[in-house]
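Keep the structure in view as you read.

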Amino acid sequence: MTDLVIRGGTVVTVEGARLADVAIRGGVIEAIEPDLSGPAAGADRVVDASGMLVLPGVVDVHTHTRVASGALPDRFFQDSVAAAFGGTTSFLSFNNPGTGSSPAAERSLLTGLREWRSATEGDSAIDYGLSLAISGHADDPLTELPATIEAGVATSKAFMVFDFRLADRDLFKAMRVMGDRGGMLQVHCEDPVLLDAAVATALQRGNVLPRYHASTRPSYVEAVATARALAFARATDSPVHVVHLSSAAALDEVRRAKAVGVRVTAETCPHYLVLTEEAYDDPDPVRCACFVISPPLRTEADRDALWAGLADGTLDLVATDHVPDRVDTEKAGAATGLSFDQISNGAPGIETLLALIYSEGVARDRISLERMVDLLCTTPARRFGLARKGALEIGLDADLVIFDPRTHRRLRAGDLHHTSDYTPYEGLSLAGSVRDVLVRGRAVITDSQYVGRRGAGKFVEREHVTG
Ligand code: MN
Ligand code: MN
C-alpha cells in the first residue's frame with residue numbers, strides 16, 4: 001500500500017515541469033502521474049501541494065560542518081536541521097583541520113574516515129556523506145585513497161594553498177589514483193607562490209585589516225591554479241572537480257578545458273552569485289571579517305559571468321562551502337587587530353542555498369527552474385556518486401521539497417537555524433520559501449516546522465564516479 005501521495009503540485013525535473021501527483025512507498029518514489037486519486041484513497045497520508053513546486057531535495061556537496069564536541073554537542077545535528085529548513089536533504093562534509101578532527105586524522109585518511117564516521121553516527125537529521133581532506137601532512141595518502149573510495153568516500157579534496165596544502169606532485173598523483181579507482185579529486189585552486197608573496201608584502205606594509213584578504217588574492221591567482229589543475233586532469237585523463245569557482249578568469253580556464261575534452265566539472269557558490277567585493281569596504285573590521293572567505297568575493301562583472309556560466313553549462317553545480325563561523329568567536333579577532341591572514345576563513349550558507357538560487361536565479365530569469373534543479377540536485381548527485389538522490393524518478397529515494405514560489409520575505413540571521421550567528425545576506429529580499437521536506441519519504445520539515453528526528457539521517461556510501 002502507498003504510504004503517501006503528494007497531490008496537485010508542479011513536479012520539476014531536469015526535463016521539464018508538469019502538474020502531477022507523486023506516490024511514495026517504503027521511502028521510495030513509487031509513481032508520478034497526472035492523477036493518483038486511486039492510490040491516494042488507500043494511502044496513509046495525502047498532502048495537498050496545489051500551487052506549490054515539488055522539487056527533488058537539494059544535494060549540497062560542499063560543507064565544512066563541525067562535528068559535535070563536549071562544549072557544543074549539537075553543532076553537527078543543528079547544522080543538519082538548518083540544511084533541512086533550507087530544502088537540503090543530503091550534504092557532504094569535509095573533515096579538514098578546524099572541523100573537529102584530530103591531528104591523527106590529518107596524518108591518515110583512514111583514521112580520519114573512521115573518526116568522522118563515529119563522531120557523526122546517529123547525529124544527522126538528513127542524509128549525509130564525507131569527502132576527506134587530503135592534507136599535505138598525511139603520511140601516505142596515495143596508498144590509502146583506494147580504500148577510502150571502497151568505503152563509500154568517492155571524492156576527496158586537495159588544497160593548493162593553506163598550511164595543509166598538498167604539493168603539486170602529490171596532487172597530480174592523487175588525481176590519477178582516484179580516477180583509476182572510480183573516485184574523483186576536488187581541488188581548491190589558488191596559487192601558493194603568488195598568494196604567499198602578496199600576503200607577505202601586505203603584512204610588511206602594515207596592511208593587516210580584513211579587506212587585504214581580498215586584495216592579496218586577485219582572480220589571476222585563482223585562474224593560474226585552475227589552469228594547472230586542469231592540465232593535471234588532462235594529462236592523467238582523470239575526472240576532476242573544481243570547487244568554489246569565483247571569477248570570470250577561472251571560468252575561462254574551465255571553458256577551455258571542457259572544449260578539449262578534460263573531464264572537469266566546476267561549482268560556484270551562492271556568495272559569488274549574490275555578493276561582490278563591495279562587502280570589503282565595510283569600515284567595521286569584524287563585519288568585514290564575516291566575508292573573509294577563499295577565494296574572496298569578486299566584481300560585478302565576475303558575478304555576471306558566473307550566472308552566464310551556470311546558464312550555458314560551463315558551471316555544473318552550486319554548493320555552499322558552508323562554514324559555521326561566528327561573529328563572536330571565530331571572526332572576533334578582527335576587533336582586536338588580528339591580521340587578515342590569521343582570521344578563520346569561511347561563511348555560513350547551509351540553510352540558504354535553494355532560497356538564494358531560486359530568488360536570485362529563477363525569479364530574476366537568470367536560469368530556468370529546470371536548470372536550477374539540475375544545478376542543485378541532479379548533477380551534484382550524479383557527479384558525486386549519490387545514485388539514489390537528486391531527481392524525482394520512480395525507484396529513487398523520496399527526498400523532496402514542497403516549495404511555495406509565491407511568498408516574499410527578508411532574510412534575517414535570527415530566523416535561521418544554523419550554528420553560525422550571522423548570515424552574509426542579512427536583509428536580502430527573497431522570493432519563495434520551503435514548506436515541507438521529506439527524506440526517504442519521512443517528514444523532516446512540515447509547514448516550515450522541524451518535525452524530524454536526530455539520527456534519522458543515514459551515511460550515504462557513494463558509488464564510483466563516472467564521466
Ligand atoms: Mn576551499
Ligand atoms: Mn570549502
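This is a predicted model, and its domain assignment gives two parts: domain 1 (4-54 + 394-450) and domain 2 (57-383). The C-alpha centres of domain 1 and domain 2 are 27 Å apart. Where the two domains touch, domain 1 contributes 30 residues and domain 2 contributes 41 residues.

Which strands each supply at least two residues of the side of domain 1 that touches domain 2? They are β14 (400-410), β15 (429-439) and β16 (442-446). Of these, β15 gives the largest share, with 6 residues. Sorted by class, this side of domain 1 holds 19 nonpolar, 8 polar and 3 charged residues.

Now step back to the whole protein. Its secondary structure amounts to 15 helices and 17 strands. The radius of gyration is 21 Å, close to the 23 Å that the globule rule gives for 467 residues, so the protein is as compact as a globular protein of that length. Along its principal axes, the C-alpha trace spans about 75 × 50 × 50 Å.

Next, look for the open sheet of 8 strands. Its order is β6-β7-β8-β9-β10-β11-β12-β13, and the pairing is parallel. Which strands stand at the edges? They are β6 (58-63) and β13 (317-318); each has a single partner strand, so one side of each is left without a neighbour in the sheet. In general, strands of a sheet pair through backbone hydrogen bonds.

For one pair inside this order, find strand β10 (residues 184-188) and strand β11 (residues 240-242), which pair in the parallel sense over 3 bridges. Here Leu185 stands opposite Val240 in β11. Elsewhere on the sheet, helix α14 (residues 353-362) lies across β6, β7 (88-94) and β13, and runs at about 110° to β6.

Helix α4 (residues 109-120) and helix α5 (residues 141-150) meet at an angle of about 40°, and their axes are 8 Å apart. The table shows who meets whom.

| Helix | Residues in the contact |
|---|---|
| α4 | Leu109, Leu110, Leu113 |
| α5 | Pro141, Glu144, Leu145, Ala147, Thr148 |

By class, the residues of this contact divide into 6 nonpolar, 1 polar and 1 charged.

Definitions and conventions: Residues numbered from 1 in each chain as written. Chains lettered and ligands numbered in written order. Predicted model: local features only at pLDDT ≥ 70, side-chain atom pairs only at ≥ 80, totals over all residues. Axes fitted to C-alpha atoms, helices over the stretch in contact; angles between N-to-C directions. Helix = DSSP H or I, 4+ residues; strand = E, 2+ residues; numbered from the N terminus. Contact = placed C-beta atoms within 7 Å. Nonpolar A, V, L, I, M, F, W, Y, C, P; charged D, E, K, R; others polar. Pairing = 2+ DSSP bridges. Domains from an automatic or database assignment. Rg over C-alpha atoms; globule rule 2.2 N^0.38 Å.
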